[in-house]
Amino acid sequence: MNFADLGLSDELLKSVEASGYTEPTPIQAQAIPSVLMMRDLIGIAQTGTGKTASFVLPMIDILAHGRRRALMPRSLILEPTRELAAQVAENFEKYGKNHDLKMALLIGGVQMGDQVKALQDGVDVLIATPGRLMDLFERGKILLTGCNLLVIDEADRMLDMGFIPDIETICSKLPGNRQTLLFSATMPPPIKKLADKFLSNPKYIEVARPASNNTNIVQHKVRVSARGKREALRHLLKTDNVSTAIIFANRKTTVRELAKSLQQSGFSAGEIHGDMDQSARNAELQKFKDGVISILVASDVAARGLDVKGVSHVFNYDTPWHPDDYVHRIGRTGRAGATGRAFTFVADEDAEAIANVEKLIGGKIPLFEADGDAGRSDDAGPPAERPTGRGRSGAKRAAEPVAADPVAAESDAAAPSSKQPHQRRAPSRGGRTVQPVAAEPLADISSGDPVDAPEQVSAPVTAKPKQAAKPRRAAEPEAISDEWNGPVPGFLNVSAL
Ligand code: AMP
């Protein structure tokens with residue numbers, strides 16, 4: 001199958017070719033012909049599958065016919081975050097270069113006047129976050145009655161962010177006979193309800209989750225103590241052929257402190273989290289993309305869906321509280337044919353979180369047996385969890401088949417033993433021989449480093465293990481502020497700028 005088989009115009013095929021894409025991805029192959037036939041569509045797919053082009057490409061051909069009208073955008077794409085909205089706009093810019101299409105981006109923080117001016121001139125594509133769109137709509141600055149094509153992207157993330165009521169309102173303002181495309185990584189009941197209400201006889205497409213099925217990502221979990229995480233991280237950064245890495249932490253404070261600590265240890269690291277204003281986030285991201293820094297420490301909200309190519313490693317410094325975040329995080333590596341490695345640090349507190357992740361991806365993540373066991377807790381769990389000494393002569397790099405993972409103890413290591421999580425800390429006396437922690441000292445890189453344990457200790461996961469699956473971002477929720485403090489990207493047709 002190639003792009004020419006999908007029914008796209010010759011102009012569009014030229015820009016696809018110029019992008020260097022020779023073959024459509026599965027979501028593109030299935031979605032593009034249906035969208036061109038004006039069908040509604042539900043796409044169960046996430047970033048990394050090529051889903052953006054699966055709606056942007058046919059939209060360009062659909063919008064090539066017809067006229068712009070003031071204040072009445074012809075199509076609307078809803079995105080949960082400003083970064084994703086900007087990324088979709090970049091896609092329009094790339095693929096639409098042979099077409100005369102105007103787009104506008106409605107995201108918080110960009111001066112309202114400029115956006116209104118763009119809308120007054122008439123736009124073919126409006127890319128918006130729900131909050132800002134509602135704001136302009138309520139001020140009477142925008143009419144949605146000419147909007148015959150609607151894309152709701154990352155619907156499950158919209159749900160997480162509380163945008164569903166806004167989306168329902170927006171849907172009800174659009175023409176009833178419009179075409180609607182809904183993309184979501186998962187299909188929780190509220191999204192199903194939304195789809196039932198606002199889509200008509202949709203084609204349903206589900207493509208493999210990149211995380212669980214993507215053989216390009218070698219996944220490992222690493223047993224660590226809460227206090228040993230930094231040392232374990234530094235060790236892996238030095239020994240695992242890391243060229244570029246994104247390191248995810250669950251809390252903004254951890255992101256900040258970890259980035260600082262890595263810089264102090266001589267790593268070229270930056271940070272991106274929800275407390276930074278948009279221009280600072282953009283600047284940091286650009287530095288990472290340009291190779292000025294090779295490590296980006298990130299929080300989930302700030303990094304959601306970002307398309308940064310060629311990331312060799314993803315580290316989950318904290319096991320994510322929400323299993324979906326695991327999939328999104330590790331999807332930053334192993335993209336578009338490249339191979340990548342993903343390490344997830346698992347401390348005692350993470351037992352239930354990692355069990356939820358493994359349940360979601362439908363298998364156990366192999367335990368990494370590292371050279372030097374950096375960061376391993378003194379009481380690293382029951383003996384069967386511990387390496388059998390194989391790793392001592394050198395890092396055991398390759399992904400092992402799950403079956404080779406040391407026995408049933410593997411599940412003990414990560415199982416949600418929510419009743420008595422701390423019992424696992426007591427070394428068992430029976431069974432296997434406990435191997436000594438490997439000799440490589442790592443003292444040179446760990447001396448004088450502040451300990452990052454307090455956040456971990458104070459986490460609700462520790463305090464109430466039974467509730468560990470739910471406390472998502474409870475400790476320090478990332479505010480989804482609707483402010484854009486940076487410049488409007490140059491590629492946008494916001495004519496007043
Ligand atoms: P997305 O899932 O839309 O975030 O896309 C993930 C990455 O795949 C982006 O870097 C795209 O540029 C890239 N991509 C999209 N379509 C293709 C394709 N047909 N072949 C190769 N790479 C692609």
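A crossing of two helices is called left-handed if the near helix is turned anticlockwise from the far one by less than a right angle, and right-handed if it is turned clockwise. I start there because two packed helices are described by the angle between their axes and the distance between the axes. What we are looking at is a predicted model, in which local features need pLDDT of at least 70, side-chain atom pairs count only at pLDDT 80 or more, and totals for chains, interfaces and linings use all residues. Residues are numbered from 1 along each chain as its sequence is written, and side-chain values use heavy atoms, with hydrogens and water left out.

Let me take helix H2, residues 26-36, and H3 to begin with: they pack at an angle of about 25 degrees, with their axes 9 Å apart, and H2 passes H3 in a right-handed crossing. The two are therefore roughly parallel to each other, a term used for angles under 35 degrees, while 65 to 115 is roughly perpendicular, over 145 is roughly antiparallel and the rest is oblique. In contact, that is, with heavy atoms within 4.5 Å, Ile27, Gln28, Ala31, Ile32, Val35 and Leu36 of H2 meet Lys51, Ala53, Ser54, Leu57, Pro58, Asp61 and Ile62 of H3. These residues divide into nine nonpolar, two polar and two charged.

H3, residues 51-63, also packs with helix H4, residues 82-95, at an angle of about 50 degrees and with the axes 10 Å apart. That makes H3 oblique to H4, and H3 passes H4 in a right-handed crossing. On the H3 side the contact includes Phe55, Val56 and Met59, and on the H4 side Val88, Asn91, Phe92 and Tyr95. Here the division is nine nonpolar, two polar and no charged.

Turning to backbone angles, most residues other than glycine have a negative phi. Leu71, in the loop between H3 and strand E2 (75-78), has a positive phi of about 65 degrees although it is not a glycine. At 26% relative accessibility Leu71 counts as partly exposed, the class between buried, under 20% relative accessible area, and exposed, over 50%, with a 1.4 Å probe and protein chains only. Asn241, in the loop between helix H11 (229-239) and strand E9 (245-248), likewise has a positive phi, of about 50 degrees, and is exposed, with a relative accessible area of 58%.

Finally, in H12, the buried residues include Val255, Leu258 and Leu262, and the helix is followed by Gly266, whose phi is positive, near 95 degrees.

Definitions and conventions: Axes are lines fitted to C-alpha atoms, for helices over the stretch in contact, and angles run from 0 to 180 degrees between N-to-C directions. Helices (H or I, at least four residues) and strands (E, at least two) are DSSP runs, numbered from the N terminus. Ala, Val, Leu, Ile, Met, Phe, Trp, Tyr, Cys and Pro count as nonpolar, Asp, Glu, Lys and Arg as charged, and the others, Gly among them, as polar.
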